[in-house]
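I opened this notebook to record what I looked up about charged side chains and their partners. The entries follow the order in which I consulted the structure.

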Amino acid sequence: MFNSNFPDSDLLKTVLEPLLEDFQYWLGRSRLLLETETIPFLDTDEQADLLARVITAQQEVSTAKMLFDATNGQVGIESSALAPWHRLVTECWQVATRFRTEGQTEKGI
């Protein structure tokens with residue numbers, strides 16, 4: 001008998017798997033930016049804090065992905081766990097956009 005409290009594993013694989021991959025991708029890009037560039041509008045502590053939060057989120061996403069893969073897509077993730085990752089990726093997008101925009105302006109582009 002189907003238990004409506006448990007999500008369909010095909011649905012989880014269709015939605016959750018690519019979402020976790022997206023988080024891994026964007027957090028990886030953000031980490032690369034924060035490790036290789038000096039962000040002029042962030043002081044050293046702010047940049048270090050953002051980098052630390054990105055690294056922590058990467059570890060959390062990797063763990064969630066490992067559990068998801070190990071259970072063959074039978075494990076879901078609460079939206080309350082996804083929301084902080086989404087907020088962090090959005091924050092990193094804003095930093096990256098501003099970094100590119102201000103860098104082009106400084107170069108006269």
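The entries below concern salt bridges and the residues that form them.

Entry 1. I noted that the model is a predicted one. I then looked up the salt bridges and found that the structure holds 6.

Entry 2. I turned to lysine 65, whose side chain meets that of glutamate 17 in a salt bridge, at 3.8 Å from N to O. Lysine 65 belongs to helix 2 (residues 44–70) and glutamate 17 to helix 1 (residues 9–36), so this pair ties together parts that lie 48 residues apart in sequence.

Entry 3. Glutamate 17 has a relative accessible area of 26% and is partly exposed.

Entry 4. I next examined arginine 53, which forms a salt bridge with aspartate 49 at 3.1 Å, N to O. Both residues lie in helix 2, 4 residues apart, or about one turn of the helix. Aspartate 49 is partly exposed at 40% relative accessibility, and arginine 53 is partly exposed at 32%.

Entry 5. I recorded a salt bridge between arginine 53 and glutamate 91 as well, at 2.8 Å from N to O. Glutamate 91 lies in helix 3 (residues 79–106) and arginine 53 in helix 2, so the pair ties together parts that are 38 residues apart in sequence. Glutamate 91 is partly exposed, with a relative accessible area of 29%.

Entry 6. Lastly, I looked up shared partners: salt bridges join Glu17, Lys65 and Asp69 into one network.

Technical notes
Residues are numbered from 1 along each chain as its sequence is written. This is a predicted model: local features need pLDDT of at least 70, side-chain atom pairs count only at pLDDT 80 or more; totals for chains, interfaces and linings use all residues. Side-chain values use heavy atoms; hydrogens and water are left out. A salt bridge is a side-chain nitrogen of Lys or Arg within 4 Å of a carboxyl oxygen of Asp or Glu. Helices (H or I, at least four residues) and strands (E, at least two) are DSSP runs, numbered from the N terminus. Buried means under 20% relative accessible area, exposed over 50%, partly exposed in between (1.4 Å probe, protein chains only).
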